[in-house]
Amino acid sequence: WVGPDQDEAMLLSLGSGVTIATRVAAVNQYGRTWSDFVVFSTTASLVCDEAYEFRGVMETADIELICGGAELHVPVDPHRSPCSVT
(Lines give C-alpha, C1' and ligand atoms only; values in the text may rest on other atoms or scores of the structure.)
Protein backbone atom coordinates (compact mmCIF):
# COMPACT_ATOMS: atom_id res chain seq x y z
CA TRP A 1 0.00 0.00 0.00
CA VAL A 2 1.28 3.46 -0.90
CA GLY A 3 -0.42 6.21 1.03
CA PRO A 4 -1.24 9.82 0.16
CA ASP A 5 1.73 11.94 -0.96
CA GLN A 6 3.91 8.85 -1.48
CA ASP A 7 5.26 8.07 -4.92
CA GLU A 8 7.12 4.82 -4.40
CA ALA A 9 6.87 1.46 -2.68
CA MET A 10 9.52 -1.12 -1.85
CA LEU A 11 8.93 -4.66 -3.02
CA LEU A 12 10.36 -7.13 -0.51
CA SER A 13 11.04 -10.86 -0.63
CA LEU A 14 11.05 -11.16 -4.42
CA GLY A 15 12.86 -14.26 -5.60
CA SER A 16 15.98 -13.87 -7.71
CA GLY A 17 15.80 -14.66 -11.40
CA VAL A 18 12.00 -14.56 -11.64
CA THR A 19 9.65 -12.61 -13.89
CA ILE A 20 6.89 -10.55 -12.29
CA ALA A 21 3.76 -9.16 -13.99
CA THR A 22 1.78 -6.59 -12.04
CA ARG A 23 -0.35 -3.47 -12.28
CA VAL A 24 -1.20 -0.64 -9.94
CA ALA A 25 -4.56 0.65 -8.76
CA ALA A 26 -5.09 4.28 -7.80
CA VAL A 27 -8.05 5.10 -5.57
CA ASN A 28 -9.51 8.46 -4.60
CA GLN A 29 -12.91 9.99 -3.88
CA TYR A 30 -13.83 9.66 -7.56
CA GLY A 31 -13.20 5.93 -7.80
CA ARG A 32 -10.48 3.52 -8.86
CA THR A 33 -8.35 3.27 -11.97
CA TRP A 34 -5.78 0.68 -13.02
CA SER A 35 -2.42 1.04 -14.72
CA ASP A 36 -1.33 -1.05 -17.67
CA PHE A 37 0.46 -4.30 -16.84
CA VAL A 38 4.16 -3.98 -16.16
CA VAL A 39 6.46 -6.97 -16.57
CA PHE A 40 9.96 -7.09 -15.08
CA SER A 41 12.52 -9.69 -14.14
CA THR A 42 14.66 -9.78 -11.05
CA THR A 43 18.38 -10.36 -11.25
CA ALA A 44 20.50 -12.85 -9.38
CA SER A 45 21.08 -12.11 -5.72
CA LEU A 46 23.46 -9.29 -4.92
CA VAL A 47 26.86 -10.60 -3.84
CA CYS A 48 28.00 -8.02 -1.32
CA ASP A 49 31.70 -8.54 -2.07
CA GLU A 50 30.95 -7.43 -5.64
CA ALA A 51 28.42 -4.71 -4.77
CA TYR A 52 30.76 -1.95 -6.01
CA GLU A 53 29.69 -2.97 -9.52
CA PHE A 54 26.20 -1.63 -8.79
CA ARG A 55 27.30 1.90 -7.85
CA GLY A 56 25.47 4.32 -10.10
CA VAL A 57 22.67 1.81 -10.69
CA MET A 58 21.62 1.45 -7.05
CA GLU A 59 21.85 4.02 -4.28
CA THR A 60 24.84 3.39 -2.00
CA ALA A 61 22.55 3.44 1.06
CA ASP A 62 20.35 0.70 -0.49
CA ILE A 63 23.37 -1.49 -1.21
CA GLU A 64 24.59 -1.02 2.37
CA LEU A 65 21.09 -1.84 3.67
CA ILE A 66 20.92 -5.05 1.61
CA CYS A 67 24.43 -6.05 2.66
CA GLY A 68 23.69 -5.63 6.36
CA GLY A 69 25.24 -2.21 6.75
CA ALA A 70 28.59 -3.25 5.31
CA GLU A 71 30.47 -0.49 3.60
CA LEU A 72 31.35 -0.83 -0.07
CA HIS A 73 34.95 -1.87 -0.57
CA VAL A 74 36.04 -0.84 -4.04
CA PRO A 75 39.05 -2.75 -5.32
CA VAL A 76 42.08 -0.73 -6.39
CA ASP A 77 41.31 -1.65 -10.00
CA PRO A 78 37.62 -2.59 -10.28
CA HIS A 79 37.88 -2.97 -14.08
CA ARG A 80 40.70 -5.44 -14.44
CA SER A 81 41.76 -5.94 -18.02
CA PRO A 82 44.95 -6.80 -19.91
CA CYS A 83 45.41 -3.04 -20.36
CA SER A 84 45.30 -2.25 -16.63
CA VAL A 85 48.44 -0.91 -15.05
CA THR A 86 49.02 -2.11 -11.50
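Begin by selecting Val2, Ala9, Arg23, Val24 and Ala25: among the 17 residues that line the second largest pocket, these lie nearest its centre. The model before you is a predicted one. The space in this second largest pocket amounts to about 560 Å³.

Next, colour strand S1 (19–22), S2 and S3, the elements that each give two or more residues to the lining of the second largest pocket. Which of the elements gives the most to this lining? It is S2, with 4 residues.

Select residues 25–28 for strand S2 and residues 31–34 for strand S3; the two pair in the antiparallel sense, over 4 bridges. How many residues lie between S2 and S3 in the hairpin that they form? There are 2 residues between them.

The following stop is the largest pocket. Select Leu11, Leu14, Thr43, Met58 and Ile66, which lie nearest the centre of the largest pocket among its 23 lining residues. Strand S4 (38–41) and helix H1 (60–66) are the elements that give two or more residues to this lining. H1 gives the most to the lining of the largest pocket, namely 3 residues. The space in the largest pocket is about 820 Å³. By class, the lining of the largest pocket consists of 13 nonpolar, 7 polar and 3 charged residues.

Finally, clear the selections and display the whole protein chain. Its secondary structure comprises 1 helix and 4 strands. Followed from the N terminus, the elements run in the order β-β-β-β-α.

What share of the 86 residues of the protein chain counts as buried? The share is 9%, where buried means under 20% relative accessible area.

As a last exercise, consider contacts in the protein chain with a separation of 6 or more: residues 24 or more positions apart account for 18% of them.

Definitions and conventions
Residues numbered from 1 in each chain as written. Predicted model: local features only at pLDDT ≥ 70, side-chain atom pairs only at ≥ 80, totals over all residues. Heavy atoms only, no water. Pairing = 2+ DSSP bridges. Buried < 20%, exposed > 50% of the residue type's maximum accessible area, 1.4 Å probe, protein only. Contact = heavy atoms within 4.5 Å. 1 Å grid on protein atoms, 1.4 Å probe; cavity = no way out; pocket = protein on both sides within 12 Å on 5 of 7 lines; lining within 4 Å. Points joined across faces, edges and corners; volume = space filled by probe spheres on them. Nonpolar A, V, L, I, M, F, W, Y, C, P; charged D, E, K, R; others polar.
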